[in-house]
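Dear colleague,

Please find the structure below, handed over for your records. My findings follow directly after it.

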Amino acid sequence: MSATLPLAIDKTSPIPLYYQLELALKEAIRNGVLTPGAKLEKESELVARLNVSRITVRKAIDHLVAAGLLVRQPHAGTYIAGDCLDFP
């Protein structure tokens with residue numbers, strides 16, 4: 001089951017949309033809203049819900065994967081990394 005988050009993106013902000021999403025996901029992980037092993041919403045669901053481009057969502061997720069906070073599993077989805085609780 002995917003975790004549905006109360007994410008908000010401010011399109012009038014000078015902060016890039018992908019970075020706003022990245023920060024919101026980091027905060028959800030930090031606060032325990034997203035727990036290790038939880039499945040993240042599909043990219044297409046985030047695109048539709050936040051009304052942003054797929055590139056925006058993918059860039060945010062790519063950065064979190066590179067940081068070790070998310071793990072992509074081909075044909076299964078994106079999950080919160082099991083060892084993500086010690087991130088800065």
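Which residues form a nonpolar patch on the surface? They are Ile 15, Tyr 19 and Leu 23, with about 240 Å² of accessible area together. Patches are made of residues with over 30% relative accessible area and no salt bridge, like charges being joined within 9 Å and nonpolar side chains (Val, Leu, Ile, Met, Phe, Trp, Tyr) within 5 Å. Accessible areas come from the Shrake-Rupley method with a 1.4 Å probe, and for residues only the protein chains shown count as cover.

Please note that this is a predicted model, in which local features need pLDDT of at least 70 and side-chain atom pairs count only at pLDDT 80 or more, while totals for chains, interfaces and linings use all residues. Residues are numbered from 1 along each chain as its sequence is written, and side-chain values use heavy atoms, with hydrogens and water left out.

Tyr 19 belongs to helix H1 (residues 17–30); helices (H or I, at least four residues) and strands (E, at least two) are DSSP runs, numbered from the N terminus. Tyr 19 is partly exposed, at a relative accessible area of 35%, where buried means under 20%, exposed over 50%, and partly exposed in between (1.4 Å probe, protein chains only).

Turning to charged pairs, the structure holds 7 salt bridges, each defined as a side-chain nitrogen of Lys or Arg within 4 Å of a carboxyl oxygen of Asp or Glu. Within helix H1, Lys 26 and Glu 22 lie 4 residues apart, about one turn of the helix, and their side chains meet in a salt bridge (3.9 Å, N to O). Lys 26 is partly exposed, at 22%, whereas Glu 22 is buried, at 7% relative accessibility.

A second salt bridge joins the side chains of Arg 58 and Glu 43 (2.7 Å, N to O). This pair links distant parts of the chain, with Arg 58 in helix H3 and Glu 43 in helix H2, 15 residues apart. Glu 43 is buried, with a relative accessible area of 12%. Glu 43 also forms a salt bridge with Arg 72, their closest N and O atoms being 3.2 Å apart. Here too distant parts of the chain are linked, since Arg 72 lies in strand S3, 29 residues from Glu 43 in helix H2. Salt bridges that share partners join Glu 43, Arg 54, Arg 58, Asp 62 and Arg 72 into one network.

Asn 51 is found between helix H2 (43–50) and H3, and His 75 between strand S3 (70–73) and strand S4 (77–80).

With kind regards
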